[in-house]
Amino acid sequence: MSEATHTTPISQLGEFALIDHITQKFSLQNSSSTHGVGDDAAVITPTTGKQLVVTTDLMAEGIHFDLMYTPLKHLGYKAVVVNISDIYAMNAEPKQITVSLALSSKFTVEAVEELYEGIRLACKNYKVDLVGGDTTSSYSGLVVSITAIGEVAPEELVYRSGAQVGDLICVTGDLGAAYLGLQILEREKRIYLEHPDVQPELEKSQYLIERQLKPEARKDVIRFLKDNDLKPTAMLDVSDGLSSDVMHICKMSKVGCVITEATVPVSEPAYQTALEFNIDPITCALSGGEDYELLFTIRPEDETKLNGEDTFSVIGEITDTLQGTRLLTKGGNYHQLTAQGWKHF
Ligand code: ADP
Ligand code: MG
């Protein structure tokens with residue numbers, strides 16, 4: 001097949017040959033992956049004494065991504081990462097994924113190869129095995145649905161429901177950058193559509209765009225928690241925005257919270273860009289989403305186990321449910337948090 005043309009129609013290979021062609025580049029890395037692609041179902045042999053955790057995320061073209069500014073390799077990578085992030089958020093280790101695709105006729109064999117290059121890179125970086133999937137055609141665009149399977153010792157599991165009054169609320173990394181990356185990409189798309197000859201100005205926004213197009217899951221943080229014998233009381237990954245996500249913990253744990261605005265981590269590029277877009281930077285952190293950082297609660301006596309590592313920010317405290325879910329602003333006022341989440345509908 002010619003790499004230069006990038007135009008081999010899928011019909012020329014057929015579905016079976018396409019999957020064979022693509023999956024032969026994958027090899028199994030985990031001993032629990034007993035049998036991968038090629039039979040009616042994959043076979044997994046979990047480590048004795050461990051439980052399986054399973055999660056799925058579906059991404060649809062035009063809803064979750066825009067191929068005008070999303071390279072297929074990045075899309076494949078991100079589609080894996082968002083699932084792996086959910087496995088880590090249970091304090092579990094990801095081991096296998098399955099990938100299901102609906103493809104419209106505009107996608108060539110080369111396009112699918114590019115998508116799987118990203119999937120393969122994520123599998124390598126996070127040491128997970130591709131063990132199956134499904135492929136079908138679609139009338140409109142691309143749909144990618146990935147299921148991830150992980151394993152965990154039952155006593156290591158961390159649910160959303162374990163937060164207790166007095167616990168500290170912690171978050172990793174910084175928030176709001178992925179949302180601002182998306183705003184930049186959307187702005188450059190509009191400019192491009194109106195003036196195709198104008199070169200996009202993306203360099204100075206590199207960090208934000210990377211956070212949108214190529215997020216990473218916090219494998220390092222899960223390792224750190226284990227190494228430091230620190231088990232959060234509740235945890236989730238920040239996919240909808242701090243506000244909705246902390247409210248998920250509060251609802252499931254039947255508690256309230258107060259988040260201190262001044263301690264919420266926002267990177268310098270995010271801060272500057274928010275102002276450029278006339279958005280309050282804290283709004284990007286609260287309602288932006290797609291950060292894939294870990295939000296967790298710990299007993300106050302465990303704070304020393306964070307070792308002063310600068311990837312962790314203590315941003316608030318769990319209160320009783322009567323206090324509601326509140327934000328203490330830099331000006332010293334309390335506001336009720338609102339869950340906006342993502343409005344896909
Ligand atoms: P079935 O007809 O039983 O659904 P398929 O022909 O769809 O079987 O799949 C054959 C094998 O290829 C299975 O192991 C399946 O998991 C795998 N497979 C199918 N589509 C994909 C895909 N998009 N990515 C990875 N593996 C796939
Ligand atoms: Mg099938």
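Which side chain has an N or O atom 2.9 Å from a nitrogen atom of ligand 1? That side chain belongs to Thr135, in a predicted model whose local features need pLDDT of at least 70 and whose side-chain atom pairs count only at pLDDT 80 or more, while totals for chains, interfaces and linings use all residues. Residues are numbered from 1 along each chain as its sequence is written, ligands are numbered from 1 in the order in which they are written, and side-chain values use heavy atoms, with hydrogens and water left out.

**Polar contacts (pairs of N or O atoms within 3.5 Å)**
- A polar side-chain atom of Asp134 lies 3.2 Å from an oxygen atom of ligand 1, and a polar backbone atom of Val99 is 3.3 Å from a nitrogen atom of the ligand.
- The protein buries 74% of the 550 Å² that ligand 1 exposes when taken alone, as computed by the Shrake-Rupley method with a 1.4 Å probe.

**Shell around ligand 1 (residues with a heavy atom within 4 Å)**
- The shell holds 14 residues, of which Gly38, Tyr116, Gly132, Gly133 and Thr135 come nearest.
- By class, the shell has five nonpolar, five polar and four charged residues, with Gly counted as polar.

**Lining of the pocket**
- Ligand 1 sits in the second largest pocket, where sitting requires more than half of its atoms within 2 Å of the grid points.
- A pocket is an open set of points on a 1 Å grid, where a 1.4 Å probe fits, with protein on both sides within 12 Å along at least five of seven lines, and lining residues have an atom within 4 Å of a point.
- E5 supplies six residues, the largest share of this lining.

How values were computed
Polar contact = N/O pair within 3.5 Å; in protein donor to acceptor, adjacent residues only side chain to side chain. Helix = DSSP H or I, 4+ residues; strand = E, 2+ residues; numbered from the N terminus.
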